[in-house]
Each structure stands twice: as structure tokens, then as C-alpha cells.
Amino acid sequence: MTELSSRLARLKFRAWHRGTREADYMIGCFFDRFHAEWTEAEIDLFETMIEEEDVDIMAWALGTQSIPEEYRSPLMDRMMKLDYVEIPR
């Protein structure tokens, strides 16, 4: 396993194991849908952002809280569209 694939596997786990089902779907589905096209800088940004509290990440994506300057990016713009969330049944 390469360093990148190990890193992405850790990020996938973190994205899907947030603590609440809502956060899992929002953050996990986002990761699944877009990670393959991310640049190294976007992977770095997501890796940093994933350490933030779920309620904050979700509030930024939903537009109910201002996005901190360090996370304002095309990656966060894409997360705010919420068109990537597929609820497993």
C-alpha cells in the first residue's frame, strides 16, 4: 500500500466514523464522491478540516455558521452544494 492510499484509507475511516449518522452521511459521502479528484493541497485541507468538530463542519456546509478563512476554498464550496449525499437504505 502506498503512502497516499494509506492516507486516503485513514481519511475515509475518519469521514465515515464521525459520531452521528448525519455527520457520517454528510462528510463520508463527500469523501467518497470527490476524493479521487482532489489535489495534494485539497487532501491536506480535508485532512486538517476533518479534525474539527462535526457540528462546525456541518454548520459550514449548511451555511448556518461562517466558514473560517483557512477552510474557504473550492473544496468547501463543493461541500456546501450537498448534492453528493446519498442516504443508504
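**Rings and helices**

Modeller: Happy to, and keep in mind that this is a predicted model.

Colleague: Is the pair of Trp38 and Phe46 stacked, edge-to-face or tilted?

Modeller: Planes under 30 degrees apart would count as stacked and those over 60 as edge-to-face. For Trp38 and Phe46 the ring centres are 4.8 Å apart and the planes stand at 40°, so the pair is tilted.

Colleague: Which aromatic cluster includes Trp38?

Modeller: By the ring-pairing rule there are 10 aromatic pairs. One of them joins Phe30 to Trp38, with 5.8 Å from centre to centre and 40° between the planes. Phe30 counts as buried because its relative accessibility is 0%. The cluster consists of Phe30, Phe31, Phe34, Trp38, Phe46 and Tyr84.

Colleague: Now the helices: how are α1 and α2 oriented to each other?

Modeller: Helix α1 covers residues 3-16 and helix α2 residues 21-34, with their axes 7 Å apart and at an angle of about 155°. Angles over 145 degrees count as roughly antiparallel. The two helices, α1 and α2, are therefore roughly antiparallel.

Colleague: How many nonpolar residues are in the contact of α1 with α2?

Modeller: From α1 the contact includes Leu8, Leu11 and Trp16, and from α2 it includes Ile27 and Phe31. Alongside one polar and three charged residues, the nonpolar ones number nine.

Methods:
Residues numbered from 1 in each chain as written. Predicted model: local features only at pLDDT ≥ 70, side-chain atom pairs only at ≥ 80, totals over all residues. Heavy atoms only, no water. Axes fitted to C-alpha atoms, helices over the stretch in contact; angles between N-to-C directions. Helix = DSSP H or I, 4+ residues; strand = E, 2+ residues; numbered from the N terminus. Parallel < 35°, antiparallel > 145°, perpendicular 65-115°, else oblique. Contact = heavy atoms within 4.5 Å. Nonpolar A, V, L, I, M, F, W, Y, C, P; charged D, E, K, R; others polar. Phe/Tyr/Trp six-rings, centres within 6.5 Å; stacked < 30°, edge-to-face > 60°. Buried < 20%, exposed > 50% of the residue type's maximum accessible area, 1.4 Å probe, protein only.
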